[in-house]
Amino acid sequence: MKTILFIIQKEFKQIFRNKAMLPIIFVLPIMQIVILSFAATFEVTNIELAYIDNDKSTYSRELISKFKASNYFTINGELSSAKQGFDAMQKGEIDVFIEIPSNFERQLIKEKEIALSIQIDAINGASAGVENAYINQIIQKFNAKIRAELMPVIPKSKGLKRLELTPSYWYNETLDYKTFMVPGIIVLLVTMVTFFLSGMNIVREKEIGTLEQINVTPIKKYQFIIGKLFPFWVLGIFILFFGMNIGRFLFEVPLLGNPFVILLFASIYILVFLGMGFLISNFTDTQQQAMFIAWFFVVIFILMSGLFTPIESMPSWAQKLTEFNPIRYFIEVIRMVMLKGSGFQDILPQLIKITVYAIVMNILAVVSYRKVS
Amino acid sequence: MKDQNIIQVKNLTKKYGDFFAVNEISFHVKKGEIFGFLGANGAGKTTAMKMLIGISKPTYGEATVAGFDVFKNPEKIKKNIGYMSQKFALYDDLTVNENIIFFGGIYGLKRKIIKHKTKELLSYLGIEELGKTLVGSLPLGVKQKLAFSIALIHEPKIVFLDEPTGGVDPITRRQFWEMIYEKAHQGTTIFVTTHYMDEAEYCDRVSIMVTGKIEALDTPKKLKEIYKVDSMNEVFLKLARGE
């Protein structure tokens with residue numbers, strides 16, 4: 001026990017003395033949480049829209065004015081031909097253009113039906129999807145209005161009943177993306193700081209030769225590992241606390257559940273990444289190698305965590321893979337507790353999985369750490 | 001007489017694939033002796049030493065260090081030895097005092113004893129005023145003397161020095177060897193590898209390794225007689241060149 005204290009004391013001294021490390025620990029998390037929370041949004045605004053009005057009728061102008069009135073679109077201008085539209089899209093000047101056919105109004109009145117051509121730049125598939133949804137919404141509304149104007153004569157009893165959906169959004173009524181993103185970003189911060197710093201730290205001792213010096217002492221493996229990892233566990237908890245406070249007071253993300261449930265989960269979750277960091281450092285000789293391997297895992301874990309893209313929309317084999325992704329569980333838990341107010345019972349399945357993960361990782365780390373080569 | 005041999009090695013071998021880094025070496029070191037372990041770069045000195053200090057497992061052979069078997073009890077050996085590597089292995093970002101506390105601590109010394117030892121050590125090295133200086137900013141010579149003293153902080157029976165004087169000036173080297181002599185007089189066994197042949201002359205006995213094997217082992221005086229030369233340097237050149 002005393003030996004462990006000597007190691008912990010030394011680690012803390014080194015962490016706080018390292019001029020390059022301090023900003024990583026204190027400044028970067030604040031910057032990341034502020035920048036990412038404002039920037040990582042799913043809303044698409046300022047969509048550059050151009051149109052070709054071959055009809056120049058009251059209805060065609062009315063449709064265009066609907067787009068003008070929307071907050072999402074910026075009217076880029078009127079085009080003379082589709083070719084001009086494609087050229088502009090090629091150059092990246094416009095995102096969308098609409099072509100209104102020449103018999104738009106007449107057809108609409110006569111046939112009650114008309115086809116519009118809409119071209120969307122889909123270089124970014126996600127935003128193209130969102131743009132399509134916005135355009136559809138506007139056209140639907142326009143449609144409803146026209147119907148009302150053109151078919152008032154049909155008696156109500158005989159007329160088709162229109163089905164209207166009014167969704168109400170639970171746990172995030174206003175669909176504020178910050179409410180959704182901030183908890184996830186806190187998870188990323190805790191993960192990266194604990195994973196990278198612990199992994200790098202041990203490899204660094206290998207590089208400068210002090211690990212060999214430690215291996216010729218009678219120190220026990222568990223003493224060394226606990227002494228080495230405990231300081232980073234403390235840092236991880238600190239960053240969690242720090243991030244949650246920024247989330248609450250700067251972004252007004254609600255905290256409906258018990259923060260101690262999050263703390264409990266995080267305490268075990270951090271052990272997963274400390275073990276993994278240690279494991280990587282056992283199989284690498286330089287910080288460069290360790291960094292590269294750690295990045296490889298972190299990128300996969302983040303992209304498959306459900307933070308940016310919902311797990312439900314992944315192919316089923318990928319969904320199965322996310323079962324092995326610790327970041328996924330923490331993001332689920334932190335969102336559940338903060339936004340839904342879930343309690344200990346609700347997060348138990350995730351807690352059990354992460355505990356097993358932590359045990360496995362740390363056993364592997366202890367077994368693969370060898371004082372004798 | 002047998003218990004006087006603090007290190008006993010018989011046919012000790014380390015193989016990497018088909019390559020014999022250390023090829024069936026046998027020797028013994030007596031208590032309180034300064035034993036020089038010479039050889040060209042890549043001759044296998046460091047590998048052999050690493051097997052003796054319990055951080056590299058021998059492929060086969062026998063060895064006991066301080067009465068413990070290198071296969072069965074490497075951790076017990078570690079309690080009884082000190083080690084100073086050719087890579088300078090103190091923490092540059094810790095102060096002199098903090099390094100002493102840390103290494104004393106992991107050898108299991110009590111804080112009170114460490115405090116006392118720190119004082120003793122600093123005054124012995126004549127650097128009382130440098131206790132709160134970062135080790136990284138010390139001159140190389142001071143660092144090396146400090147590393148040697150820290151390797152001895154738990155009063156080991158044997159201290160292993162792997163090229164301890166690489167890169168320091170002749171005066172510091174001289175002072176360093178005076179420290180070694182003093183410790184040997186107090187009964188500590190010194191096992192030292194070096195490139196400097198003048199240092200080999202300071203040893204009680206030296207062994208010379210060539211491509212994994214010990215080619216010669218005796219007192220410097222005897223070796224010079226056998227090879228009919230005037231200095232250890234010439235002995236070494238004769239052996240290393242295979243003449």
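In this predicted model, chain A holds an open sheet of 4 strands with mixed pairing, laid out in the order β2-β1-β3-β4. The edge positions go to β2 (73–78) and β4 (117–120) of chain A; each has a single partner strand, so one side of each is left without a neighbour in the sheet. On average, neighbouring strands here are turned by 20° against each other, direction ignored. As for β4(A), this strand runs antiparallel to β3 (residues 96–100) of chain A, and 4 bridges join the two. One pair in this stretch is Glu99(A) with its bridge partner in β4(A), Ser117(A).

Two helices lie across β1, β3 and β4 of chain A. One of them is α4 (residues 82–91), running at about 165° to β1(A) (47–53). The other is α6 (residues 125–150), which runs at about 155° to β4(A).

Further along chain A comes helix α11 (residues 287–303), with 17 residues. From first C-alpha to last, α11(A) reaches 24 Å, close to the 24 Å expected at 1.5 Å a residue. Its buried residues are Ala290(A), Ala294(A), Phe301(A) and Ile302(A). These cover an arc of only 90° around the axis, and so they sit on the same side of α11(A). They pack against α7 (177–208), α10 and α13 (326–340) of chain A.

As for confidence, chain A averages a pLDDT of 86, with 93% of the residues scoring at least 70. Helix α10 (residues 259–282) of chain A, one of the packing partners of α11(A), has the highest confidence at 95, while helix α2 (residues 21–39) of chain A has the lowest, at a mean of 79.

Key:
Residues are numbered from 1 along each chain as its sequence is written. Chains are lettered from A and ligands numbered from 1 in the order in which they are written. This is a predicted model: local features need pLDDT of at least 70, side-chain atom pairs count only at pLDDT 80 or more; totals for chains, interfaces and linings use all residues. Two strands pair if DSSP finds at least two bridges between them. Axes are lines fitted to C-alpha atoms, for helices over the stretch in contact, and angles run from 0 to 180 degrees between N-to-C directions. Two residues are in contact if their C-beta atoms, placed from the backbone, lie within 7 Å. pLDDT is the predictor's confidence in each residue, from 0 to 100. The expected span of a helix is 1.5 Å times one less than its number of residues. A residue is buried if 20 or more other C-beta atoms lie within 10 Å of its own, exposed if 12 or fewer, and partly exposed in between; C-beta atoms are placed from the backbone. The arc is that of the directions from the helix axis to the C-beta atoms.
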